[in-house]
Amino acid sequence: MSELNTKKKPDHYREDCNRIASVYDPLVRSLSSFFGGERSLRMLTIEKMELKPHQKVLDVCCGTGTLCAMIAEEVGGGGEVIGIDLAENMLKRAEKKRRGNMSFSLANAEEIPYPDEYFDCACITFGLHEMPHPVRMNVLREMRRVLKAGGIIVVLDYLRPTGALVRSLFNVWMLVEGVTARDFIKRDLSSIVRDSGFDSVELDIHWMKTLQIVRGRK
Ligand SMILES: C[S@@+](CC[C@H](N)C(=O)[O-])C[C@H]1O[C@@H](n2cnc3c(N)ncnc32)[C@H](O)[C@@H]1O
């Protein structure tokens, strides 16, 4: 997990994610408590992946590995769940949630260390808003490369809400999130997923229209 040192991380990468690792899980738990809790948040992605036992699943920008642990339950002992991330401190926390069918690697999402067509499903949750747009496109194309034909991609991330009050609060949160997030919410995620080569793209909206989940197929 430690072969990639800080010097080799891509220029766009913000070490903030590494620094907040110790408070990340409590933060997600408190924010999601307004919308039904973290388990129901994570289930949005799991339901869209239509997981089956024995599948191989990739979680890109896996953070502290909570979603990976839930995916691992779905695919069972014969399945394989891989989480990749660039934050060593996030991955240290993920390691504590690891079971037999899970593994974590310190890796850049633009260079996923797996062969073509290895995975049945791939997801990225709250990851794309952390990157500049050209990097987002590289990451989605790289996820497509490692998916089998017919494989499913699920992307969950912010959506700019339309209602005035929610939008004001959301805009304050975007100031905290930073410049790449503010760029992300101006774009159309479904088109981004389509432009990176996926078909059958579907969109669902949750959390008072502040969250979107896009599914596509290779
Ligand atoms: C906001 S966290 C999301 C974590 C997790 N997916 C979740 O849903 O809670 C974003 C994660 O993206 C990772 N990240 C950002 N750019 C990356 C890249 N190029 N390659 C791998 N991980 C990256 C960060 O280290 C961070 O852990």
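Strand S6 and strand S7 (residues 211-217) run antiparallel, joined by six bridges. Keep in mind that this is a predicted model.

Zooming out, S6 and S7 belong to an open sheet of seven strands with mixed pairing, ordered S3-S2-S1-S4-S5-S7-S6. At its edges sit S3 and S6, each pairing on one side only. On average, neighbouring strands of this sheet are turned by 15° against each other, if you ignore direction. As a reminder, strands of a sheet pair through backbone hydrogen bonds, either parallel or antiparallel.

| Element | Residues |
|---|---|
| Strand S3 | 102-106 |
| Strand S6 | 199-206 |
| Strand S7 | 211-217 |
| Helix H3 | 38-49 |
| Helix H4 | 66-75 |

Now for the helices. How do the axes of H3 and H4 cross? They come within 10 Å and cross at roughly 60°. The crossing of H3 past H4 is right-handed. On the H3 side, Glu38, Arg42, Thr45 and Ile46 do the meeting, and their counterparts in H4 are Thr66, Leu67, Met70, Ile71 and Glu74. By type, the residues of this H3 and H4 contact split into four nonpolar, two polar and three charged.

Last stop, the ligand. Which residues come nearest to it? Out of the 21 residues around the ligand, those are Cys61, Gly63, Ala87, Ala109 and Thr125. The shell around the ligand has 14 nonpolar residues, along with four polar and three charged ones.

Technical notes
Residues are numbered from 1 along each chain as its sequence is written. This is a predicted model: local features need pLDDT of at least 70, side-chain atom pairs count only at pLDDT 80 or more; totals for chains, interfaces and linings use all residues. A residue is near a molecule or strand if its C-beta atom, placed from the backbone, lies within 6 Å of it. Ala, Val, Leu, Ile, Met, Phe, Trp, Tyr, Cys and Pro count as nonpolar, Asp, Glu, Lys and Arg as charged, and the others, Gly among them, as polar. Axes are lines fitted to C-alpha atoms, for helices over the stretch in contact, and angles run from 0 to 180 degrees between N-to-C directions. Helices (H or I, at least four residues) and strands (E, at least two) are DSSP runs, numbered from the N terminus. A crossing is left-handed if the near helix is turned anticlockwise from the far one by less than a right angle, and right-handed if clockwise. Two residues are in contact if their C-beta atoms, placed from the backbone, lie within 7 Å. Two strands pair if DSSP finds at least two bridges between them.
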